[in-house]
Amino acid sequence: MFQDIYPHVYHNEFHNIQPSEEDFIIIFDSDKVLLKKTEENTYQLPRKKETEGEKYVYLFSIDENHYFMDESETYVDIEGYRYEFMQITRFIQPKELAFLLNTAYALRQWYQSHIYCGKCGSRTIRDEKERMIRCPNCHEMVYPTISPAVIVGVINKDKILMSQYRGRAVKHHALIAGFAESGETIEETVRREVKEEVGLKVKNLVYYKSQPWPYSSSLLLGFYCELDGSDAITLEEDELAMADWFTADQIEERNDGISLTREMIENFRLGRHPFAEKNNEED
């Protein structure tokens, strides 16, 4: 997955500092980011000495490299660089660049969404000691919001449930997914989302792993579980275009190295899910 950047180390501690000439600058223009394509078919960011911005915010570090965002919000033209749509980060190399660009984009969205206080409407200010926005009028404090969500691999003996979202340009198969609601545990979220989207009951929930997902400021929690009872699907047509059961040999190899969803599907295809041995014994 794209956050697996070992041997590089991500440091998200906040520092109230300004960039040196060698620090990297991330410059956004709407849903595009300024990058240079190298002769090795990789991409790189400009350093401070190549830019002429006047307002920067520290984001994070990877290893000893510091990354800042240019907050000028004006179009910047640097020779050799061009603006690329953020979708490129699903394929971009090096891998750690995909991770840091998406994390930076999520922080940018958070900063831009809290220019004014949501409680009293006053203009907010940045805290100098931690990554927090405060209101000088009513003293409201706002931290980056992370929304917990689930990705669910529902197993029915030798089959897995896959779906396609309605209204999406990309038609790849996905797993059941959804956000946690107020007052419910993450296990209750799994059961509710499966019931709401496909009308099925599940049992034997097994946690797999998590993934930060900057596109929606989420923390995805992956679970495998087993079907409990009837396998008849009742589709939530407002959200899903289709859902069906698939055997391993019906699934094409397509682990993109980016998403938790694709990794979980690939695990099933290769017989690496937590119920594989049990199902083999039953056969």
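Let's start with helix α2, where T189, V190, R192, E193, V194, E197 and V198 are buried; buried means under 20% relative accessible area, exposed over 50%, and partly exposed in between, with a 1.4 Å probe and protein chains only. Please keep in mind that this is a predicted model, where local features need pLDDT of at least 70, side-chain atom pairs count only at pLDDT 80 or more, and totals for chains, interfaces and linings use all residues. Residues are numbered from 1 along each chain as its sequence is written, and side-chain values use heavy atoms, with hydrogens and water left out.

So what covers the buried residues of α2? The cover includes strands β12 (147-156), β13 (159-165), β14 (176-179), β15 (202-213), β16 (218-227) and β17 (240-247). Helices (H or I, at least four residues) and strands (E, at least two) are DSSP runs, numbered from the N terminus.

The helix α2 covers residues 186-198, and its 13 residues should span 18 Å at 1.5 Å a residue, which agrees with the 18 Å between its end C-alpha atoms. That expected span is 1.5 Å times one less than the number of residues. After α2 comes G199, with a positive phi near 70°.

Now to the nonpolar cores, meaning sets of buried Ala, Val, Leu, Ile, Met, Phe, Trp, Tyr and Cys residues joined through side-chain atoms within 4.5 Å. The largest has 67 residues, and I26, L35, L45, L100 and L101 touch the most other members. Helix α1 (residues 95-113) gives this core its largest share, ten residues. Which residues does L100 contact, leaving aside neighbours within four places in sequence? They are I26, L45, F60, I62 and Y67, where contact means heavy atoms within 4.5 Å. A second, separate core has ten residues, including I25, Y56, V76 and Y83.

On to the rings, with nine aromatic pairs in the structure. Rings of Phe, Tyr and Trp (its six-membered ring) pair if their centres lie within 6.5 Å; planes under 30 degrees apart count as stacked, over 60 as edge-to-face and the rest as tilted. Y10 and F60 are edge-to-face, because their centres are 5.5 Å apart and their planes stand at 65°. This pair links distant parts of the chain, with Y10 in strand β1 (residues 10-11) and F60 in strand β6 (residues 56-62), 50 residues apart. Y10 is partly exposed at 30% relative accessibility, whereas F60 is buried at 0%. F60 also forms a tilted pair with Y67, at 5.8 Å centre to centre and 40° between the planes. Y67 is buried too, at 8%. Ring pairs join Y10, F24, F60, Y67 and F99 into a cluster.
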